[in-house]
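Let's take a friendly walk through this structure together. Have the sequence and the 3D view open as you read.

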Amino acid sequence: MAERDVEVVVTGAGAVTPLGLTLADTWRAMIEGCSGIDRITRFDTTDHEVTFAAEVKGFDPLTCLERRDARRTDRFTHFAVAAAQEAVAQSGLDVSRPRSDVGVLIGSGIGGIETLGNEFKVLYDKGPKRVSPFLIPMFIQDLAAGQLAILIRALGPNFSTVSACTSGAHAIGESFEIIRRGQADVMVAGGSEAPIVPIGVAAFHNMRALSTKNECPKRASRPFDLERDGFVIGEGGAALVLENRRHAEARGATIMCRVVGYGSTADAYHMTAPSPRGEGAARAMAMALEQARLEPGDLDYINAHGTSTPLNDQAETEAMKSALGDAAYRVPVSSTKSMIGHLLGAAGAVEAAVTIQAMLSGMIPPTINYEVPDPACDLDYVPNTARRKVVNVAMSNVFAFGGHNVSLIFAR
């Protein structure tokens, strides 16, 4: 069967975010315009210049893992497993037996950085003999995918995409292609990240990437606003169950939407800054539209990367205008990072799940904290309040350090 004859659909979605421990809870809070950003509680910030982040609150890994497995895996793996279990349960997929037609791709930009930081302290304080033998499997990025494959007995393609903030989006896009190639009938795809640790916050602050609005954390993430000053670091994970449509229909699954387009490009410009006019991002959008056989005017909603950094938001606006032409001014665009912060390698997966929820509910989540318009960012950013709108086709954009760009398109 030719690739173009294989339709890929989504039959399940799950998420753990700073707004909720499930996708449903996250979505309800987003539509209400809530912020999940607050003071950091996971470590003492006394000596830090940035004292706030978007933490996942009230999460217990024992809800998704046995106690021994929870102790031997990092927080980023916990989020991945919890989100994937929610997605698989919604899909109704039978995982009671080993299945070679089911694969797992979970992206992460940093992996188990909390475990790595803790074990460096052990090394310096107590010596090399005291370093945990579980450090390597807890730290490396691919072990979230590996652990999940063990739990759901998935024998198909299994690896991690590691491309900074596009990791989760790349996992979804590559899973889409794996199914189209006929190498699996089902892929559990997503991203996870747990970077709210001293070294992570300090490093991002010292490269001047983070907002420093310590006096008003909930208003600090303000994508496309003139007074934006950096992103807010966040944590969490999300997963989708992607299937060959024929496979999904044969087992009577409820289809949430179709995956119809995937674009992946590079800026080849700078390690951390986007190309000024967003040329690489524009090519990713155009590539996704071409694969989906859609015109720019067919888009009903765009979930923007929208990091709240001065460079990204302007470059992304330019990219949308370049890729979409006049249609860029007519399609609603919002950044949910205004509410949950930037989840790094998990961002693309969470935002894909949110984009699908917008299609299913007919509601577009807002860009909160949009108060002072930036003349360089002149599109419709759905400011501050959710908007009711029929969404038949939606795009999710994710960009990353290293010049990576991913666009995903979903359709009813």
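What follows covers the sheet, the helices on it and a pair of helices.

The model is predicted, so local features need pLDDT of at least 70 and side-chain atom pairs count only at pLDDT 80 or more, while totals for chains, interfaces and linings use all residues. Residues are numbered from 1 along each chain as its sequence is written, and side-chain values use heavy atoms, leaving out hydrogens and water.

Start with the open sheet, where 10 strands run in the order E5-E4-E6-E7-E1-E8-E14-E13-E9-E10 with mixed pairing. (Strands, E, of at least two residues and helices, H or I, of at least four are DSSP runs numbered from the N terminus; two strands pair if DSSP finds at least two bridges between them.) At the edges sit E5 (158–159) and E10 (333–334), each pairing on one side only. E10 pairs with E9 (residues 301–303) in the parallel sense over 2 bridges, and Asn303 stands opposite Ser334.

Helix H3 (residues 75–91) packs on this sheet, touching E1, E4, E6 and E7 (contact means heavy atoms within 4.5 Å), and its direction makes about 135 degrees with that of E1. Helix H7 (residues 167–180) also packs there, and its direction makes about 170 degrees with that of E6.

Now find H10 (residues 279–292) and H11 (residues 310–324), whose axes come within 8 Å and cross at roughly 40 degrees. (Axes are lines fitted to C-alpha atoms, for helices over the stretch in contact, and angles run from 0 to 180 degrees between N-to-C directions.) Ala281, Ala282, Met285 and Leu289 in H10 meet H11 residues including Ala319 and Met320.
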